[in-house]
Structure formats: C-alpha cells, structure tokens
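Hello,

Here is the structure I promised to pass on. Have a look at it first, and my notes on what turned up follow below.

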Amino acid sequence: MSDKTTRQGPNMSRRSALTTAMAAAGASTLAPRTFAATPAGGTIMQQVLDEAYWAQVASHYDVTREIIQLENGNWGMMARPVLDAYKVHIDRVNRDNSYYARRGMGADLEKSRDAVADFLKVDPDEILFTRNATEALKALIGNYNRIKPGETALYADLDYDSMQESLVSSMAKRGAKVTKIALPEPASHDNVLAAYREAFDADPTIRLVLLTHISHRTGLMIPVREIVAMARERGIDAIVDAAHSLGQANFTLPDLDADFVGINLHKWIGAPLGVGIMYIRRSRLPAIDHDIAEAPRNPDSIETRLHTGTVDFATQLTVPQALAFQASIGGPLREARLRALRDRWVARARKLASMEVMTPDDPRMHVGITSFRVRGKTSVEDNKALAATLLKRFGIFSVHRTDLASGACVRITPALFNSFADVDSLATALETLDREA
C-alpha cells in the first residue's frame, strides 16, 4: 500500500485503505476506527502545520495527561485501532489455543510477514519475525561467519550498547579484533562519511562494520547507503541497526542497500511490544550461520538463522493493523511532522547561550529525536538532574543518555500525538533555565 494512495482523496479512501489492509491480514471481523479528518490540501509542509488534523491523529492515542510525554523512544504507543486489534488477536489465541495454532495460525502469520515484506519492499523469505531489533542484531552479529582470526570489526560510540557488547563478545570468540571510533561533533554529512572512510582506510584488516541508522543517544541519522557502498568497495560487510529509523524516517530496505538489518516494529511503527524483524539479503544468507538450536538441514532458509521458541503470537498477528494505521497517514507526511516537531523546539534552543544541541539541523542527519545538554555539563549525574528538573518543575518527561565520547546528554523524542504546544512548552522551559544560569 503506497503512501501516495493512502494520502490522496477524501475520508472514504482512508477508511477503505485501513479496512482493506486489516481484511487482508485475516482481521476482517474487526471494526477499525478511522480518521475523522484529512489534512488540508497543499504541500507536505502545509499539511504538517495543520494542527486540526494532527489533533485528530492524537485522538487515536490514549496518552497520559499527567505529564507532557516527550520520551517516546523506549517504545511506541499503539494507536487505539491497533490496540483494539491486538485485543482481538489475544482473545483468539487464548481461546482457540493450539486448535488455532496447529491449524490456521501459520497461514495468518505468513500474511503478517507478507505485509511487512511489502512495506519494506523485500521478498518475504528474506525476513523473519523476532522479538525486537536487539534479538535480530544479536543473531546477525553472533552468527556472522565471514571474519577470520586477526581481522577486525568496527563500531562507533553512538551504536547501541548491547550491539557494541555483542560485537566485542562475538569477535573475541572468533579471534578477531574490534576497533571503536567516535563520530564527530558537531556532525555533518561530510564529516561522518569522512570518519568512516578514514577508519576503513587506516586498517585494511576491517571486514565488518556495525552501523546505526538513527542513534538512540542523539538521534543522529547517518548516511547508511553511502557508508555501505564505501565498505563494500573495500570488502567490508555492514550490519545495520535500524531499530529507531523504520517508521521515523521514510525509507524501504532497498534504499539502504544493506545485506543485514535489524528492525523494531514496536517503536515507530506502533505495533505491540515484542516484535521486530531480521533481514538477510537472500544471496548473503550463507554468511550467517544457523542458530545453535536449529539443525542445518535447510541452509537456504532464513528461519534456521534464529530460534525464538514460543512467542506472543498475537503481537505478530497485529503487525498488519499497525502498518495499515501508519499507511493511512503516509511515510513522507509522518517523517515531515516528526521533523517539524523537533525543529520547532531546537530553533529556540540554539539561541540559548547555556544550551548545547547535539544533533545537526541538516534534514539528512535527523528526523524526530534530538539530544541536548547544558554547556559544560557532561556527566551522567548532570544530565539525570536536568531530566529530573524538566519533569519536576515543568511537567516534561524526557530521558538522559550516556556513553557518547563527549559525555552524557538529555534526549527528546516526540511522537505523532504530540502537538506544537508540547514542544513549545519544552522550549519555554529551556529558556527559563537559561535565564537562571
């Protein structure tokens, strides 16, 4: 289902798009709620500024009113029609139990997988459901078999902690080395590319690089496609962490041109907690060993590369409803709105002498997530205290992030249910703190 199709036309086209997608997923008995409004016509930016439309979007989320929620990076809230669908799937799995599981659920799970494959623009046999991006990336890193003793794997300070540790542990078992680089601050498109180019050229033993598309620490979005191409020219494979990028940035997997990718569906896609995707390009499947719980009897199947055991089947069955809800908004509009929410508070924060914004303004380098700190205040304690002040004094919930080469910071993560008023409140709070500094 294309963004162009779902964003055109009046309300009926939105209702039919959502209903069709849910019916195709085997959920035709559900009664999906649909949007009551369409954004005003005109350019994407005019639609981004249509607060009446975004209030309608927000009305599909049951958001706490205790605080202004600007910490949406942990996981994404399900929209109400997705939550309703999830409850229906939970009831059926619980009620029909193995009678359903051993007779019809397999076909329904294939429909869910096919919906994801269509959304990602890859073949269904190149993806596998996981419980999260971490599980997918652990399998890719731990079972990658193309690195030899004495060769090197590379990662950066902005990569996710668990993925850094997975790389270190896996390379130690294989007798390989690891090298860590710090991405430049302030970052730019050119100096990030240069950082990877210089690292690759400085060590001809590098055979594997971990790339994080959008960092959970600062929201920095790196030019993955260009880095993958640069690595490939040098005989280096890339494993890409897209945990935070799918659904925040508007892209499909061919846009990244990566062979190995781990994805979350419960962050920016808004599926229930506990579902992700592992992608392996079909031609590269031999580079990933089979899971230790799987006999190598079917080496050409991605399903042998990860063994999860029993999972929350209702979560996986609900994924098409989450995709349909997002498609009814459209990828370009969703990305533009998240970027506009971010840019609105950042524009005011950059004028404050006491505040340091960690994420560049180049739209190629960010979407919604951005981090900041008080200048010179780089300790974990400083930034815990800053996040606590935002909550206690101003009712704004955020989170501190650690382990940047330059120190800690506070992360701000808006969601589609946030308004311009929410991020204006953040900017006003920072201006107050700046005056008091």
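Let me start with one side chain: Arg 342 is buried, at a relative accessible area of 1% (buried means under 20% relative accessible area, exposed over 50%, and partly exposed in between, with a 1.4 Å probe and protein chains only). Arg 342 makes a salt bridge with Asp 361, their closest N and O atoms lying 2.9 Å apart; the term stands for a side-chain nitrogen of Lys or Arg within 4 Å of a carboxyl oxygen of Asp or Glu. This pair links distant parts of the chain, 19 residues apart, with Arg 342 in helix H13 (residues 331–349) and Asp 361 in the loop between strand S9 (355–357) and strand S10 (370–374). Asp 361 counts as partly exposed, at 40% relative accessibility.

A word on the source: this is a predicted model, where local features need pLDDT of at least 70 and side-chain atom pairs count only at pLDDT 80 or more, while totals for chains, interfaces and linings use all residues. Residues are numbered from 1 along each chain as its sequence is written, and side-chain values use heavy atoms, with hydrogens and water left out.

Now to the other salt bridges, of which the count comes to 33 in total. Arg 284 pairs with Asp 237, with 2.8 Å between the closest N and O atoms. Arg 284 sits in the loop between strand S8 (276–280) and helix H12 (313–329) and Asp 237 in strand S6 (residues 237–242), so the pair ties together parts that are 47 residues apart in sequence. Both Arg 284 and Asp 237 are buried. They also belong to a network of salt bridges that links Arg 232, Asp 237, Asp 257, Asp 259, Arg 281 and Arg 284.

Lys 121 and Asp 118 form another salt bridge, with their closest N and O atoms 3.7 Å apart. Here Lys 121 is partly exposed at 46% relative accessible area, and Asp 118 is partly exposed at 39%.

As for the chain as a whole, there are 15 helices and 13 strands (DSSP runs numbered from the N terminus: helices are H or I of at least four residues, strands E of at least two). Of the 437 residues, 55% count as buried. Along its principal axes, the C-alpha trace spans about 65 × 55 × 35 Å. Among contacts (heavy atoms within 4.5 Å) between residues at least 6 apart in sequence, 71% join residues at least 24 apart.
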